[in-house]
Amino acid sequence: MGDAWTFRSVFGGDPDIRIVAPTMRSDDDFEAFAKPVSESTALDAPVVEGVSFEVRDVPAVEASGFTHFLDGAQRAWPVMYHGLNPVRIAHTSAAMLRRTDREVEAPTERTWEGGLAVYAVPEIAARVPSDVGPVPIKLDEDDNTPIKVGDKIRKAIEQRRGGIEVALAAGFDNDGWLLIDGGIGRPLDRNPGLRQVAGVVKTHARQYFKSAERVAKILSMREGQRTSVFLREADPAQGHEVYSFYLKLHDSESQGPLFGVIRVEIPPLPESLARADEIAGWLLVERAPLSLPDRRYDRLLYPIHLVEMHLKARQPTDAAILGRIG
Amino acid sequence: MIETTSDGRIGRVIGMERRPNTAYTFWFWTDRDAPVGIGTLVKVLSAEDKVYGTVVEAHGFNDLESPLHEFLSVGGDPAKLPPTQRPEMRVYQAAVLYREPEEPVGAVPIGEVFLANEADVRMALRTAKFADEFGVPCGCYGYKDEPLQVHLDQRFLLGPEAGHFNMTGTSGLAAKTSYILFLLQSIFANHKDEEGADGAKGVAALLFNTKGGDLLFIDQADESNAFTELDRKLYAACELEAVPFPKVRYYAPLANDRANLNSLRTNVVLMEKNPTRAFEFGLADIVRHAEVLLNKDDLEAKADAYLEFLNQEHVQNEKGRKIGNQGEPRRAKTLDELCDIVAAQVEFARSKNQEFYESHHFRTMQKMLNRLKGLTRRFTGLIATSGAAAGPLEEPFEPGSVTVIDVARLGSDEQDLVFAAFITKLRERMEEGTLGVGKMIVVVDELNKYAPSGGGETYVAASLKEIAARGRYLGLTLFGAQQFRSRVDKEVVGNAATHAFGHVESEELAQPSYSHFSPAVKEKLGSLQPGEVLIKHPHFAQPIFVRFPNPCVMKGGDGLRKYPKSADQLFGELAEGFIKRLAPADLNRALDALAKMSDDKDAQTEVLRGLRRANSADECLKVLERAPRKAPIGLRENREPTAVVATGGPDFEEDPFDDLPH
């Protein structure tokens, strides 16, 4: 961030602009945009492993084969209103970190990418100095309320973060195994040659089975069990088709049935299918150490938690943003 | 992981709301493998400032918020090794040593942190301004592979700006003695006389050997494996030659037989190379230091006044004084003669049936007579029968020389006398400018014993305080050492400008006098290895840990193994030893004179005394040929008694003070 200008110095005299002091609570971290997807698929996803949808114990493995870990992060601050339309400054970033001898290496220029940008309607974005990378939010005719403008800004921020993640993941050269926090559809769209990659989806807003029996099987898994591999078909939101299975990382009598349940995505390749047990075993090995005190510790694997920590450490502080506002 | 960059960059200053940086302390992070520890010197660079500091506290962090999280992570199994190790780093607290610019003294800036290089060490410790001209290497800072010499300012160590040195360390860990010996070597090699100073030049040292053979072989090279390559490297880093002290003279008191030395350093091989000499105190010393020799009950005001009378009239007065205005004036040169004088005064008072003699009550005189007689028994080897003192203070000191006074085999009272007499005389000789050197270092171990805090005003304590307070103006510097600094007189410790701390026990570290050290520094002090000390010096804003070499001199234990104490010898054997050493060319003549010598014990003592002082064949022969001869055979059975014991009359036969402690 340059030091020369502030929002107040650029927009301070504009009667249509109201500069605000942002609340410094984190209102949009990692899952703030993960809105529940309410629609369910019409049919049960096709099973690609065996003939029926089963739950099985994952054979124990001694060590994890994952060598790289990828995650993204974003954080946004409201900085002003143009009329009633919000203007936000957001930091988006992603990192793909290598683990060597049990240590996750710190990000470098090659393994971390991120930056600040101002998200605003085009006439305001045009007035923002270029060093903060203004992102114009184009409005359609029906974007006639500040809430809709805000939604568009949120999507733009998420898209930018996703774009960085995909770019980093697509650059993985299959030297080792990459574990991504989230689906692998979009990276596969960009680089269909990705083979040694797996994704962990921690939220279960989208359902892939309508059959009560199958849903019951998923929710009744015991710790260390997984389901049969099924095909998650391509869709606009998630990208390329992938193979997927559910895995129960942890169990607790005092928690709900989704406690410790993740959905794993692997490339739709025969060799990936053949290694489903092994990959599930690796993920079970990755349960230690726990990523406590994160409230998602039942599904958030520690190396991914570490990547998040590195990303957060590189986000600008609240004080820096306040200084930029002026 | 990379430990440091090639330029020594290791971390960055952090300013936390809970622990902000101040003008005198700051915090910085480093990688866990950065070569930083308690005492490490670092440099902070920001756009405007350079700040130098020393690490005083260390903290290690990983991302764990609760130990329970780790326990749960591994299911309570300590052997379980998760695939990912928690990231770990270090946060250090450092105390500011120096800053550029020196003003304004603001908070330490957020800047990059570097390991101090040689130039930085000089800046941090402010030695750059004096090292070349007045620097005395006191050890090395830094890693064993790359030791960087650290200097003390001799003007603040030996005066005149400040002075005195005090060392604390647990006994038996070879810290105190070793460090003081190394420091003396460094001083001798680097001392420069003050420009334009009048009088004697150079520096010498006087050491008291209080335990075993600690200091009895410091002119011998260390032949053990204890002197390592690291020691050689440290000597080289300090630009010092690793050799034993070249000019050492050893002194010890005589044993009760008044012929042999009361010392462990009597091996004939050593005696031929560098003999241990005898020291004795004369009557003047005895009378002068009577308060050391006599306890307080003995020396109340009346006795003190009487003793002073004896001193003035019968010791110092060259003409002497008549007893009761009768007979010849009498002057005492020996303690026996003084006793005779007192006995005569008592007898005179009794014969005149007087209670007082020259305003002194006969009971006081009788008491003093008893005490003086007791002295010869209690201090046999220390008091010269001839009445004349002998020892190192009877001749000038040589610059660069070390004089060792061996008092290890003396009792506590005897040691008190030795300290008191030597320190007093040193002070006087320094004031007179007759010591032969411009500066004199007096090394006294066991200050706990000689200048205890709250221990009352003993003569020794008063002398030490006097040196501590005024010594540096005279060029007299006290190098004191003790195991428990908190139990040493505050004036003695407080007047020392430079302090060193070796390994210190935790009980001692808990005392208030260590409260200015951080907990980590105290912990380090509690576990310091031999060869490491913490130094406080006026130029250093914070104490600094330095490493010093094991001094390349023979250790006491090794010396005693190689040169065991020789068996006590008879008069003839001792005398022959001197003759063979001093007058080999005139051996027959000397032995002939010896054979003709009287068998009288006192005469033999005097001959040995003369031989010890002799420096040439001529002197040796003169001593022997002047000695009393044996009486012709026919007269031997009829010779008169040599000693007359004065006895009191009927009224005074019993000592009225016999129940008092002697």
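**View 1. A barrel in chain B.** In this predicted model, 6 strands of chain B close into a barrel, running β1-β2-β5-β4-β3-β6 with antiparallel pairing. Strands here are DSSP runs of E, at least two residues, and helices are runs of H or I, at least four residues, both numbered from the N terminus; two strands pair if DSSP finds at least two bridges between them. From one strand to the next the twist averages 40°, with axes being lines fitted to C-alpha atoms and angles running from 0 to 180 degrees between N-to-C directions.

**View 2. Zooming in on β1 and β2 of chain B.** Strand β1 (residues 9-14) and strand β2 (residues 25-31) of chain B pair up antiparallel over 4 bridges. Look for I14(B), whose bridge partner in β2(B) is W27(B).

View 3. An automatic or database domain assignment puts domain 2 of chain B at 148-274 + 399-428 + 435-561 and domain 3 at 284-384. Contact joins 14 residues of domain 2 of chain B to 10 residues of domain 3 of chain B, counting residues whose C-beta atoms, placed from the backbone, lie within 7 Å. On the domain 2 side, α13(B) gives the largest share, 6 residues.

**View 4. Where chain B touches chain A.** Here 14 residues from chain B come up against 17 residues from chain A.

**Numbering and confidence.** Residues count from 1 along each chain as its sequence is written, and chains are lettered from A and ligands numbered from 1 in the order written. Local features need pLDDT of at least 70 and side-chain atom pairs pLDDT 80 or more, while totals for chains, interfaces and linings use all residues.

Note on methods
Two residues are in contact if their C-beta atoms, placed from the backbone, lie within 7 Å.
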